[in-house]
Amino acid sequence: MALTVTKSPPALIPPAGPTPGGSLPLSSIDKTAAVRVSVDFIQVFPADAPRDQGPLVATMREGFAKALVHYYPVAGRIAEPVQGEPEVECTGEGVWFVEADASCSLEEARNLERPLSIPKEELLPRPPADVRLEDTVLLAQVTKFTCGGFAVGICFSHLVFDGQGAAQFLKAVGEMARGLPELSLKPIWERDAIPNPPKPPLGPPPSFTAFNFEKPVVEISLDSIKRVKDQVASETSQKCSTFDVVTAMIFKCRALAIGFAPDAEVRLGFAAGTRHLLNDKLSSVEGYYGNCVYPGGLTKTSQEVKEASLVEIVTAIREAKDALSTRFLDWMSGGAKENHYNVSLDYGTLIVTDWSHVGFNEVDYGFGEPGYVFTMNDDVNIVPSVVYLKPPKPKQGIRLVLQCVEAQHSAVFSEELQKLA
């Protein structure tokens, strides 16, 4: 039986009260080419029994309308009056919202596990045909399933938010939907407080190769992560994070699988949050919802990674994270000599993105927190990548969405990862 989704036409939810007009600048971090993308993700809300979903959706709409009064730039549109200088026009139009009905239960749709049994286009919001997606700040779609469960699809502009910022806004929507008298966190814009240092040379434009990645989903258990953490503690007397451990596992297994020549470079790239480094720039680091991330990474030879222990790789990752803080402060003061956003887009590079702590799993629109959240930007095939997610409740550990090896290296990669997972 084909599973179908019937969508209502997109409708605008404007702010519930008057909001300021005018234009607002974006920060120098917002305007980097690396974040000029729309980000799609889905929150899955299982239900124990069928229920009247209409009032819950109405309350969620109300939550958006009330939150937009506080986050009024989100109700605006992205404009670019000067080439290369995007800004937000505070038009007060609101966010596009789509309501949809699925012909099945979440269970019949395999709880939206991969591969999806419903095309992702059916679960994600898009504006009307005459509206450019890249001009919108955020869109939402709520899909009702026959079991009483929901899927909430969100599309947000990375120009305006980083992941933590988008989660902050959606938590505010949830607080308003649940009838809280005021927001727990006051939002601040303050994009012009972020320094705009001279831009280091861009370097030559990157060349692209389209890869044909295998796309498995693998889970790393808490026990496996703890085992490596304990090993790091006993050998180095240092603590390390889950990110450090999982990243070391993947980086090593991938180097073993792809079998580069011993002296060939293998590179690891990641972005880390830098809010804690902006205390002296912003009136409230907690309330800031713009981009606060900076790229970091490390480069080793294939042989170095293959022969290194996991503890040694964890140590290298920790050092790279420490160096990132220094590089960010250097960049803010105008001392950066190179563009750290330049990444070699080839098979020797691995980009990892950690969604497990962003905050989308803690959003409650009035029908509880999601059982599972996953990103849908999985059509990028120009650089090997891995996304870290929380596995569906009640499981624990880390779920890896892998797009980092082609078929000829897949068996060895899986085999090596299985030894550690």
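**Stop one: a pocket**

The second largest pocket holds about 290 Å³ of space. This is a predicted model, where local features need pLDDT of at least 70, side-chain atom pairs count only at pLDDT 80 or more, and totals for chains, interfaces and linings use all residues. Residues are numbered from 1 along each chain as its sequence is written, and side-chain values use heavy atoms, leaving out hydrogens and water.

Now select Lys 390, Pro 391, Lys 395, Gln 396 and Gly 397: of the 20 lining residues, these lie nearest the pocket's centre. The lining divides into eight nonpolar, seven polar and five charged residues.

**Stop two: helix 7**

Next, select residues 310–332, which make up helix 7. At 1.5 Å a residue, its 23 residues should span 33 Å, and the end C-alpha atoms are 33 Å apart, so the two agree. (The expected span is 1.5 Å times one less than the number of residues.) Colour in Leu 310, Ala 320 and Trp 331, which are among the buried residues here (buried means under 20% relative accessible area, with a 1.4 Å probe and protein chains only). Step past the helix and you meet Gly 334, with a positive phi near 85 degrees.

**Stop three: the largest nonpolar core**

Which residues touch the most other members of this core? Select Phe 64, Leu 112, Phe 145 and Phe 169, out of 70 residues. Such a core is a set of buried Ala, Val, Leu, Ile, Met, Phe, Trp, Tyr and Cys residues joined through side-chain atoms within 4.5 Å. Helix 3 gives the most to this core, with seven residues.

Terms used. Helices (H or I, at least four residues) and strands (E, at least two) are DSSP runs, numbered from the N terminus. Buried means under 20% relative accessible area, exposed over 50%, partly exposed in between (1.4 Å probe, protein chains only). On a 1 Å grid over the protein atoms alone, a cavity is a set of points where a 1.4 Å probe fits but cannot get out, and a pocket is an open set with protein on both sides within 12 Å along at least five of seven lines; lining residues have an atom within 4 Å of a point. Grid points are joined across faces, edges and corners, and a volume is the space filled by probe spheres set on the points. Ala, Val, Leu, Ile, Met, Phe, Trp, Tyr, Cys and Pro count as nonpolar, Asp, Glu, Lys and Arg as charged, and the others, Gly among them, as polar.
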